[in-house]
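Here's a quick briefing to read with the structure open beside you. Have a look at the fold, then work through the points below.

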Amino acid sequence: MTQSIAAPRLSKKIQSLQGGAESSFVRMVRMASSVPDLISLGRGDPDVPTPPHIVEAALRVIQSQRVNYTAPVGMPELREAIAHKLKVENGLTYDPATEVIVTAGAQEAMSVVMQTLLDPGDEVLLPDPYYTAYEMAIGLTGGVVKRVPTAAEDDFEVKVDAIEACITPRSRVLVLVSPNNPTGAVISAATLAQIAELVLKHNLIVISDELYEKIIFDGAEAPSIVHLPGMFERTIIINGFSKTYCMTGFRVGYLAGPAALVTPMQEVHHTLTICAPTASQHAALAALTGSQDCVIEIVGIFAARRRVLLDALTRAGIPYPQPAGAFFAFADIRKTGLTSADFAMKALTEAAVLVFPGTQYGPGGEGFLRISYLAEPSAIETAVARLGDVF
Ligand SMILES: Cc1ncc(COP(=O)(O)O)c(C=O)c1O
């Protein structure tokens, strides 16, 4: 019998990672598209326009009709601008030729790093709840996610004891995302000092995802572990332009780390994307070299909306741990007795509000909802009032 070419033939890896099924994220977004009068506080995608000088830089390249590949690791001027930013703002010295790679968003950087560092069975310590793409990026290499529990009572800051309890002889990499998506948590200098000691003791590599570096409020600080003794040699910083400059669709980010780790990543990156989109690289260059007033303006808009969201949650009687950064609240719905998935589905179907269940970000998110504040203040207030009714 001839077999249909359409017969599913999924790899065991994909089947084990997602059962070949639609993810809850895709399902909710699909369902939301047919909900009338929907207010979306779902995706982490800013609705604030990209600053005009950044858009114009991309347009100039497109209009030149010369939109060619760049060097695989990124335009030299952009790598230099990134190294300059890291020097001036972060006090870090990276060689733009060998220690910086421009990627198609921080998202690609995550995959490049995992593909380069992990062998099948190697374990990655991932504080839970986590940005879900890490789980897939690790799983696709045959690596194993070791979820490190965090607690609402600690405002979801990861603790050294919790990390240590998850360490085994196969532990290779520790992922730190501060400020964090989905919880908004930051990791304090004191906690980082303890973590750095543990990292040295167990010879781990650290991935420090600093994408929300500038999206931080009320005087909170999110120091980077890379500054601590012995950490520069074993830390890969992942960062990008999506959130700080409202450039999500441009798809440009970067990774930086010591040449011994980053040079082998060049070919992995080349295989995945050849190079980050050329017009977007020019836009990113304009973002870094232009006035940074736009960042102050953008973060100001987020800060005002955050206040609107947190005040509305308080009025609705929905508790939440303090989010220090990123653009989410992680609302605590435990006292309703509903699962996160059931509450989010009720919110969608009965209240026409799209928010994501905490469990979409790992089992540690059970009892919580991720609510973004990337909408007009009046829409945020209406949405939270509707959520209050469900609550
Ligand atoms: C923690 C974190 N890392 C990486 C990414 C990917 O961002 P980018 O748009 O730069 O690919 C996101 C996107 O939401 C994120 O929240």
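Does H3 pass H10 in a right-handed or a left-handed crossing? It's right-handed. Bear in mind that this is a predicted model. The protein chain is assigned two domains, with domain 1 covering 12-49 + 294-390 and domain 2 covering 67-289.

**Helix packing around H10**

- Helix H3 (residues 52-63) and H10 meet at an angle of about 145 degrees, and their axes are 8 Å apart.
- On the H3 side, the contact uses His53, Ile54, Val55, Ala57, Ala58, Val61 and Ile62. H10 answers with Thr278, Ala279, Ser280, His282, Ala283, Leu285, Ala286 and Ala287.
- That contact of H3 with H10 has eleven nonpolar residues, four polar ones and no charged ones.
- Helix H4 (residues 76-90) also packs against helix H10 (residues 278-289), here at about 35 degrees with the axes 9 Å apart.
- The crossing of H4 past H10 is left-handed.
- H4 brings Glu77, Leu78, Ala81, Ile82 and Lys85 to this contact, while H10 brings Gln281, Ala284, Leu285, Leu288 and Thr289.
- Sorted by class, the H4 and H10 contact comes to six nonpolar, two polar and two charged residues.

**The seven-stranded sheet**

- This open sheet has seven strands in the order E2-E8-E7-E6-E5-E3-E4, with mixed pairing.
- Strand E2 (100-103) and strand E4 (144-149) are the edges; each has a single partner strand, so one side of each has no neighbour in the sheet.
- From one strand to the next, the twist averages 20 degrees.
- E2 and strand E8 (residues 253-256) run antiparallel and are joined by four bridges.
- Across that pair, Val102 sits opposite Tyr254 in E8.
- H4 turns up here too: it packs on the sheet and touches E2 and E8, with its direction at about 115 degrees to that of E2.

**The three-stranded sheet**

- Here three strands make an open sheet in the order E9-E12-E11, and the pairing is antiparallel.
- E9 and strand E11 (356-357) are the edge strands, each pairing on one side only.
- Five bridges link E9 with strand E12 (residues 368-372) in the antiparallel sense.
- Asp332 is the residue opposite Phe368 in E12.

**Where the domains meet**

- The C-alpha centres of domain 1 and domain 2 are 24 Å apart.
- Across the boundary, 33 residues of domain 1 are in contact with 33 residues of domain 2.
- On the domain 1 side that touches domain 2, the elements giving two or more residues are helix H1 (12-18), helix H11 (293-316) and strand E9 (328-332).
- H11 gives the largest share of that side, with seven residues.

**Around the ligand**

- Which residues come nearest to the ligand? Of the 13 around it, they are Gly105, Ala106, Gln107, Gly240 and Ser242.
- Helix H5 (residues 105-117) contributes the most to this shell, giving three residues.
- The shell has four nonpolar residues, eight polar ones and one charged one.

Notes. Residues are numbered from 1 along each chain as its sequence is written. This is a predicted model: local features need pLDDT of at least 70, side-chain atom pairs count only at pLDDT 80 or more; totals for chains, interfaces and linings use all residues. Domain bounds come from an automatic or database domain assignment. Two residues are in contact if their C-beta atoms, placed from the backbone, lie within 7 Å. A residue is near a molecule or strand if its C-beta atom, placed from the backbone, lies within 6 Å of it. Ala, Val, Leu, Ile, Met, Phe, Trp, Tyr, Cys and Pro count as nonpolar, Asp, Glu, Lys and Arg as charged, and the others, Gly among them, as polar. Axes are lines fitted to C-alpha atoms, for helices over the stretch in contact, and angles run from 0 to 180 degrees between N-to-C directions. A crossing is left-handed if the near helix is turned anticlockwise from the far one by less than a right angle, and right-handed if clockwise. Two strands pair if DSSP finds at least two bridges between them.
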